[in-house]
Amino acid sequence: FLSRVTDHPKLREPDFDTFRKSLLADAASFYQELDPRAGDDTSTRSHRAWTLGRLGSLYHQTGEHEKAVAALREAVEIDKSLATELPEVPEIQIARAMRINNLSVALRAKGDVDEAHRFKKLAVEKTEECYTRNPADPDVRQNLALVLANYADDLNARNEWEKAEHAYNRAMVIQKDLAAQTGRPRELQQLAFLQAFTGGASADRGQFAKAEELYRDSFGGYEKLILEVPSDPGFREKSSVVAKRLGELLCKMERPDEGLPWLEQGITLVKGLTEEFPKREDYRISLANSQTGLAKILRKLGRISESKAKLEQALEILGKLPSVQADSSKVRNPRIQALDELAGIHEAAMEWMEVGKALKLAVALQKDEFRAHPDQERSKLAGLQRRLAEANLKRGDAGGALFNAWQMARLTPEARE
C-alpha cells in the first residue's frame, strides 16, 4: 500500500514532496517503535529498510543530502544483517545491492566523493553476485546496467577513462539486449537514459562523433516512448534535455546550422510541458534555463539581438514565479546566470547604464546565495561586484564604483593590494 501511494503519479509532482517524505518518515518510525520482539522479525526489518531507502531517495531528489545519506546508510546496515542471515534469498541480496548504489549516489551529491567511490565499487560487486546467481532475471540485468553506468560515471570523473569506457560499454550491451528481448517501456527508457548518460561522458572526453551518435539514439528512444506512453510527461522532459545537449554539442563541433534547430526543439518540448502543467514550477525553470543556454550560443555566433531576446524571455519567465519559489536557490541561480549574460551583451556594446542595471540585480541575488553558502559563492559575488564597480566607473559614477570596489575588497582580501 505504501509503495502504491508514494509512487502514485499525482504524488510524484514537486508539490507533494513534503507529504511523501512525511508519509515515509512516519512509516519508518512505526517500524522502529514496534514491540522489540516484532522488530527482530525478518519481514519487519525488510520493510523498514525499504521505507528508509525510499525516504533517502526522496531526500536526495529534493536536495536534502545529509538526511538522504543518514536514511540510506541506516537502510544499508539493516540490509547487511539480513543478507548475512539469509544469503540464499535473492530478493534481499538484490535490494541490498541497489540501496548500496543509491547510498553512493547520495554520498557523491553530499560531496563525500571518496566514500561514494567505495560504495559504488561495492554496489558493482554485490550486483555482479546477484547477476551470477540470476543471469536470466531481467530486473537483475537492468540493475547491473544501471550500477555499471553509475560506476563508469564515477570513474570518468576520476579520469580513469579506460575503466570507465569498459563499464559504459558493458552496461550498454546488457541494456540493449534487455530492451530488444522485452520491448517494454521500462527497458527502452533505461536504454535511452544510458545512451544519453554515455553520450555526456564521451563528449567530456572529446569523443564528439560517438557522443553525437549516442545522443541521436537516445532522442529516438524517447520519441518512441512518447508515442507509446503519451500520458507520461517525463519522457518529453527527458527528450528536451537530450535535444539541448545534442544541440550544444553540434554547435561546439562548429555545426550551428544543425545545432540551433535541436536547441529550439528542446525549448519547444519543455514549453509544451509548461502549458500543459502550469503549476509545475520546475518546468518553467527548465524553460528559462534552456532560453539562457541558447542565448549564450547565439551571442557567440554574433546574433546579439536574438540572444538578448532569449535572455529577456528567460527573465520574464522567472519573474512570474510565486514569491516563495523566487526566494529559492533554484530560481535565484538561473536569474543570476541570465542577468550575467545580459550584462555581458551590454558590456560588449559599451552600454554602461544597462550593464549597471543588470549587474545590480545580479549582485542582490548573489548576496542571498552568499549568505546561504559563503564558501562556495564568495568568488562569484566578488566577480560581480568587480564588474559592477567597473560599469559604474565607465558611466561616471565614481561613488558607486568606490562602494562596489570596497565591497569586493571585503570579500577578497587580495583585491585590496
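Mentor: Start with Ala109, which is partly exposed because its relative accessible area is 34%. The classes are buried (under 20% relative accessible area), exposed (over 50%) and partly exposed in between, with a 1.4 Å probe and protein chains only. Ala109 lies in helix α6. Helices here are DSSP runs of H or I with at least four residues, strands are runs of E with at least two, and both are numbered from the N terminus.

Some ground rules. This is a predicted model, in which local features need pLDDT of at least 70 and side-chain atom pairs count only at pLDDT 80 or more, while totals for chains, interfaces and linings use all residues. Residues are numbered from 1 along each chain as its sequence is written, and side-chain values use heavy atoms, with hydrogens and water left out.

Back to Ala109. Leaving out residues up to four places away in sequence, Ala109 touches His60 and His65. Contact means heavy atoms within 4.5 Å. Ala68 sits 41 residues away from Ala109 in sequence, yet their C-alpha atoms are 9.7 Å apart.

Now look at Leu107. This residue also belongs to α6, which spans residues 90–110. Its relative accessibility is 0%, so Leu107 counts as buried. Beyond its neighbours within four places in sequence, Leu107 contacts Val69, Arg73, Asp112, Glu115, Ala116 and Phe119. Take Arg73 from that list: 34 residues separate it from Leu107 along the chain, and the C-alpha atoms are 9.7 Å apart.

His60 is in α4, and it joins Ala49, Trp50, Gly53 and Ser57 in meeting Arg99, Asn102, Val105, Ala106 and Ala109 of α6. By class, this contact has 5 nonpolar, 4 polar and 1 charged residues. Nonpolar covers Ala, Val, Leu, Ile, Met, Phe, Trp, Tyr, Cys and Pro; charged covers Asp, Glu, Lys and Arg; the others, Gly among them, are polar.

Now the geometry. Helix α4 runs over residues 42–61, and its axis comes within 10 Å of the α6 axis, crossing at roughly 30°. Axes are lines fitted to C-alpha atoms, for helices over the stretch in contact, and angles between N-to-C directions run from 0 to 180 degrees. So α4 and α6 are roughly parallel. That label needs an angle under 35 degrees; over 145 is roughly antiparallel, 65 to 115 roughly perpendicular, and the rest oblique. The crossing of α4 and α6 is left-handed: the near helix is turned anticlockwise from the far one by less than a right angle, whereas clockwise would be right-handed.

Helix α9 covers residues 161–182 and α10 covers 185–204; they pack at about 155°, with axes 9 Å apart. They are therefore roughly antiparallel. Their crossing is left-handed. The α9 side of the contact includes Tyr168, Met172 and Leu178, and the α10 side includes Leu191, Leu194 and Phe197. The contact residues divide into 10 nonpolar, 5 polar and 2 charged.

The structure holds 5 aromatic pairs. Tyr168 and Phe197 form one of them, edge-to-face, at 6.2 Å centre to centre and 65° between the planes. Rings of Phe, Tyr and Trp (its six-membered ring) pair if their centres lie within 6.5 Å; planes under 30 degrees apart are stacked, over 60 edge-to-face, and the rest tilted. Tyr168 is in α9 and Phe197 in α10, so the pair ties together parts 29 residues apart in sequence. Both Tyr168 and Phe197 are buried. Ring pairs also bring Phe193 into a cluster with Tyr168 and Phe197.

Helix α10 has another neighbour. Its axis and that of α12 (residues 233–252) come within 11 Å and cross at roughly 25°. That makes α10 and α12 roughly parallel. Their crossing is left-handed. Gln189, Ala196 and Ala203 of α10 meet Phe235, Lys238, Val242, Arg245 and Leu249 of α12. This contact has 5 nonpolar, 1 polar and 2 charged residues.

One last stop is α14, residues 281–300, where Thr292 is placed. Thr292 counts as buried because its relative accessibility is 3%. Not counting residues up to four places away in sequence, Thr292 touches Leu311, Ala314, Gln337 and Ala338.
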